[in-house]
Each structure stands twice: as structure tokens, then as C-alpha cells.
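Q: Hey, could you walk me through this model? I'd like to start with what counts as a salt bridge here.

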Amino acid sequence: MDAAATPRLALLDGFAIEVRTAGGLRVLDDLPRGAQRLIAHLGLCGRPGRGAIAGQLWPDVPEDHAKGSLRSALWRVQRVVPGLVEVSGGALGLAAGVRVDVQEFTAWARRAMDPLAGVEAGSTPDVALRGDLLPGWYDDWVLLERERLRQLRMHALEALADKLAAAGRCGEAVQAAYAAVRTEPLRESAHRAVVRVHLAEGNVAEAVRAYAAFRDLLTAELGVQPTAQMTELVLRAQVAGRRSPVPTPAG
């Protein structure tokens, strides 16, 4: 496959294949559902054997029927996007060089969570802020991976917020923290990240407001209070602020 035309597989926010040609970017998002499921499975699962793929994609039909459906889906893929899928013995896989947004996202998340990795320029790429994996798909293998990626996104954004705050990039840090909050509005650790960033910037009032908003949301939705860990974080900041000496005006 020509390197200049190597496709990129998008699975976050919905299925699409992006192909760059001499005429510009071409987006394929109307493949038959069976072909989409095959491509998506290979993008998530590597190079599984034919039998494993057929069993995952068509679990409720006889084995011979499932294998026939796999052959049909593979034929459609090779017809629409020649060379996208490679056949090697009894295994199938995406061709070398095909980029997958889930893999790009996972690589970014691992760097964000690595305490030894520095903060990169453009620390929150577009792929980190996209929606869920294949929304509207309810296959078991999609549901499990969707939840794994959701958890990975939240942990990565929270870790990135702390890194950016430590580097003095508090504007970017608060954006990363609020991105985690948007992913899961009732997740306390995301709201704690927001509070920590405000405190790192010296904005105790903003931290208290963020805490109060989360407390009210949690009470309204679940009838519970924030944990002692979060409450003490804010109380310590308030006490420290009251104890700080007031600067004497010059002159």
C-alpha cells in the first residue's frame, strides 16, 4: 500500500476510514456493517485467527455460517479498501502502517500517566478529547473496550492536570481537569483535580466554589457528601489562607 495513501482508522466518536489521496482527504463511513465490524475488531484486537474473529463477530450462529459471514465481510473490505487487511496463514490483521486513533490515544494516555515523562507541547491532543468508542455499538467486545478506554481517558486527564499545574501551566491544567469532569461528572477524583489546580494557582475562592458545586451535584444526584479526603483538601487551604500574613501597603 502506498505510504502516502495509508489509511487511518477512526473508532472514537464513530467508525470512519480516512484516506489521503491526491485530491485530498477522503472519508469512508458507509461500508456495510459486517465490513465495519471486521475492520473495527482488527483495529482493537491485533491479528486474531479466523476462527476467533468469526466467533466474536457472529457468536449466535453455527460455526460454518460465521465463517461464511467472515469471508463475505473480508471480500467487501478488500473490494472497497484494497490492501487494508492482510491475510497471513489463518490470521487477519490491518496492513502495516495503518494508523488507528485508539492506538494513538492509548500511547498518549500512557505518556500522560507516566510520572517520568515530561509535559509535551500541545499536551491534550484532539484524540484525547473525542467521544466514546463506537457509540451505538453493543457487541460485548466493544462494550468492554469502551469502558476500558473511558477509564484510561479519565486517569490520563487527571494525571495530566497535575503535571501541567506542577509545571506552572495552570490554564491548560484546569482545562484538562474539566475535560475529565465532562467525561464523568460524578467522579470525585476529577473534581479533586480541578480543586488542586485552583489551589496550585493560589485561587482558594475558585477551589471552594468548585468544591461546593460538586458537593451540591453529588447530594442532588446520589444523596451523599464528598469524601473526607476532598473536604479536608479544601478546609486545609481555607485555614492556610486565613493564617497567611496580610501584606502591609507600601509607603
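A: Happy to! A salt bridge here is a side-chain nitrogen of Lys or Arg within 4 Å of a carboxyl oxygen of Asp or Glu. One thing to keep in mind is that this is a predicted model.

Q: Good to know. So what do the side chains of Arg8 and Glu104 do?

A: The side chains of Arg8 and Glu104 meet in a salt bridge, at 2.8 Å from N to O.

Q: How many salt bridges are there between domain 1 and domain 2?

A: The count between those two domains is two salt bridges. The rule also finds five residue pairs in polar contact across the interface of domain 1 and domain 2, with both residues at pLDDT 80 or more. On the side of domain 1 that touches domain 2, the elements giving two or more residues are S1, H1 and helix H2 (50-57). H1 gives the most to that side, with seven residues.

Q: Let me back up a bit. Where are the domains?

A: The domain assignment puts domain 1 at 3-97 and domain 2 at 103-239. Their contact takes 16 residues from domain 1 and 17 residues from domain 2. Taken over C-alpha atoms, the centres of domain 1 and domain 2 are separated by 34 Å.

Q: And what area is buried between domain 1 and domain 2?

A: About 1,400 Å² is buried between domain 1 and domain 2, and carbon and sulfur atoms give 59% of that area. The size of an interface is often given this way, as the accessible area lost when the parts come together.

Q: Nice. Switching to the sheet: what's the strand order?

A: Four strands form an open sheet, in the order S3-S2-S1-S6, and the pairing is mixed. At the edges sit strand S3 (24-28) and strand S6 (99-100), each of which pairs on one side only.

Q: How do S1 and S6 run, and how many bridges join them?

A: Strand S1 (residues 8-10) and S6 run parallel, joined by two bridges.

Q: Which residue in S6 is the bridge partner of Arg8?

A: Arg99 in S6 is the bridge partner of Arg8.

Q: Last one: is Gln36 buried or exposed?

A: Gln36 is buried, because its relative accessible area is 10% and the cut-off for buried is under 20%. Gln36 is found in helix H1 (residues 33-45). Leaving aside residues up to four places away in sequence, Gln36 touches Phe15, Asp29, Asp30, Leu31 and Trp137.

Methods:
Residues are numbered from 1 along each chain as its sequence is written. This is a predicted model: local features need pLDDT of at least 70, side-chain atom pairs count only at pLDDT 80 or more; totals for chains, interfaces and linings use all residues. Side-chain values use heavy atoms; hydrogens and water are left out. Two strands pair if DSSP finds at least two bridges between them. Buried means under 20% relative accessible area, exposed over 50%, partly exposed in between (1.4 Å probe, protein chains only). Contact means heavy atoms within 4.5 Å. Domain bounds come from an automatic or database domain assignment. Buried area is the accessible area (1.4 Å probe) that two parts lose on being put together, summed over both. A polar contact is a pair of N or O atoms within 3.5 Å; within protein, one must be able to donate a hydrogen and the other to accept it, and residues adjacent in sequence count only if both atoms are side-chain atoms.
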